[in-house]
Amino acid sequence: MIVVVLLISFILEGIVSNLVPTSSLFIPLFSIVSLLVTYPLFNENKIKYLIYSGTLGLLYDLVYTNTPFINTFTLIITALVITFICKFITINKLNLILIILFVLLFNQTINYLLLCLFRYRIFNNATLLEGLYSSLILNVVYSYILYVVIEIINKKRKYKRII
């Protein structure tokens with residue numbers, strides 16, 4: 001089920017990003033959202049979680065961007081942040097929104113700083129802020145919907161969920 005959720009989110013992100021203009025308030029980051037929502041399904045297997053995160057990042061680099069290994073690195077770092085947060089906070093409907101806001105802001109900031117470091121983009125505070133707030137609305141809604149769908153599937157199939 002984990003692979004299916006990650007692939008659907010990955011493909012849906014590509015579809016939505018082609019339909020929505022880049023200047024929109026609805027920039028999809030569904031791959032990051034899927035990493036957070038599927039984290040409890042890994043049953044504390046952090047190595048497998050990091051491998052999936054790195055693979056998703058590499059796939060993202062190959063298919064959607066022209067920045068080799070930047071998204072691979074940022075998704076692994078984001079996955080590490082998610083594992084750290086989930087040590088202290090349980091993922092539930094209420095906490096999900098707060099966690100996803102933090103994770104999205106963290107990922108966007110790290111990604112932007114790396115792009116500036118490797119001279120893919122010139123650093124501009126306005127561009128960073130626009131990237132941060134434009135990704136929040138759609139991804140919070142998507143995370144909530146994905147969480148509810150996974151919870152329904154878990155109840156029907158009786159998957160083990162640690163958190």
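Helix α3 (residues 46-63) has 18 residues and should span 26 Å at 1.5 Å a residue, and its end C-alpha atoms lie 25 Å apart, which agrees. The expected span is 1.5 Å times one less than the number of residues; helices (H or I, at least four residues) and strands (E, at least two) are DSSP runs, numbered from the N terminus. The model is predicted: local features need pLDDT of at least 70, side-chain atom pairs count only at pLDDT 80 or more, and totals for chains, interfaces and linings use all residues. Residues are numbered from 1 along each chain as its sequence is written, and side-chain values use heavy atoms, with hydrogens and water left out.

Y49, S53, G54, L56, G57, Y60 and D61 are the buried residues of α3 (buried, under 20% relative accessible area; exposed, over 50%; partly exposed, in between; 1.4 Å probe, protein chains only). They cover an arc of only 160° around the axis, which places them on the same side of α3; the arc is that of the directions from the helix axis to the C-beta atoms. I47, I51 and L62 are exposed on the other side of α3. The cover over the buried residues of α3 includes α1 (2-19), α2 (30-38) and α4 (70-88).

The protein chain contains seven helices and zero strands. Its radius of gyration is 15 Å, close to the 15 Å that the globule rule gives for 163 residues, so the chain is as compact as a globular protein of that length. This radius is taken over C-alpha atoms, and the rule is 2.2 Å times the number of residues to the power 0.38. Of the 163 residues, 44% are buried.

Definitions and conventions:
Contact = heavy atoms within 4.5 Å.
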